[in-house]
Amino acid sequence: MYFVCRWREDSPYSKRVVTLPDANVLDWFRRGWKHDDPTGWIDSELGGDVYGLESIFEAAGERNLPPPESVDELRQLLTEYLWVEGDDKGDFIRLGEHALRVSHR
């Protein structure tokens with residue numbers, strides 16, 4: 001699986017690409033779900049900070065949420081707990097089996 005971050009302040013080319021061992025997005029989230037240090041884990045996994053991504057893992061730990069069993073469950077959890085700038089999270093989070101896209105406005 002590949003992680004691609006496009007962020008205008010991240011690098012001169014505004015893109016970071018990281019290869020991950022997981023088969024899909026759900027597997028990656030499940031692997032990090034109960035990590036003690038979400039920010040540190042994300043930084044080491046994805047080669048640096050990913051704006052707001054730690055919020056879903058922090059919510060999982062604070063609320064003792066079980067790991068998602070399906071892409072649909074993950075989508076619901078992301079919509080509820082992922083910190084995204086904007087009023088309509090449903091419009092900013094797009095998740096399929098092989099891709100998660102999050103827009104910040």
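Me: How many helices and strands are there in the protein?

Reply: Bearing in mind that this is a predicted model, the protein has five helices and four strands.

Me: And in what order do the elements run from the N terminus on?

Reply: Starting at the N terminus, the order is β-β-α-α-α-α-α-β-β, and of the 105 residues of the protein, 37% count as buried.

Me: What about contacts, how many join residues at least 24 apart?

Reply: If you take the contacts between residues at least 6 apart in sequence, 42% of them join residues that are at least 24 apart.

Me: Let's go to the helices. How do α2 and α3 cross?

Reply: The axis of helix α2, which covers residues 38-46, and that of helix α3, which covers residues 54-63, come within 9 Å and cross at roughly 140 degrees. Angles over 145 degrees would count as roughly antiparallel, and α2 and α3 are therefore oblique to each other.

Me: Is that crossing left-handed or right-handed, and which residues make the contact?

Reply: The crossing of α2 and α3 is right-handed. On the α2 side the contact is made by P38, T39, W41 and I42, while α3 contributes E54, F57 and E58. By kind, the residues of this contact of α2 with α3 divide into four nonpolar, one polar and two charged.

Me: Changing topic, which residues of α4 are buried?

Reply: In helix α4, residues 71-81, the buried residues are L74, L77, L78 and Y81. They cover an arc of only 100 degrees around the axis, so they lie on the same side of α4.

Me: Why would residues spaced like that point the same way?

Reply: An α-helix has 3.6 residues a turn, so residues three or four places apart point the same way.

Me: And what does the face of α4 turned away from its buried side carry?

Reply: That face of α4 carries the exposed residues Q76 and E80.

Terms used. Residues are numbered from 1 along each chain as its sequence is written. This is a predicted model: local features need pLDDT of at least 70, side-chain atom pairs count only at pLDDT 80 or more; totals for chains, interfaces and linings use all residues. Side-chain values use heavy atoms; hydrogens and water are left out. Axes are lines fitted to C-alpha atoms, for helices over the stretch in contact, and angles run from 0 to 180 degrees between N-to-C directions. Helices (H or I, at least four residues) and strands (E, at least two) are DSSP runs, numbered from the N terminus. Angles under 35 degrees count as roughly parallel, over 145 as roughly antiparallel, 65 to 115 as roughly perpendicular and the rest as oblique. A crossing is left-handed if the near helix is turned anticlockwise from the far one by less than a right angle, and right-handed if clockwise. Contact means heavy atoms within 4.5 Å. Ala, Val, Leu, Ile, Met, Phe, Trp, Tyr, Cys and Pro count as nonpolar, Asp, Glu, Lys and Arg as charged, and the others, Gly among them, as polar. Buried means under 20% relative accessible area, exposed over 50%, partly exposed in between (1.4 Å probe, protein chains only). The arc is that of the directions from the helix axis to the C-beta atoms.
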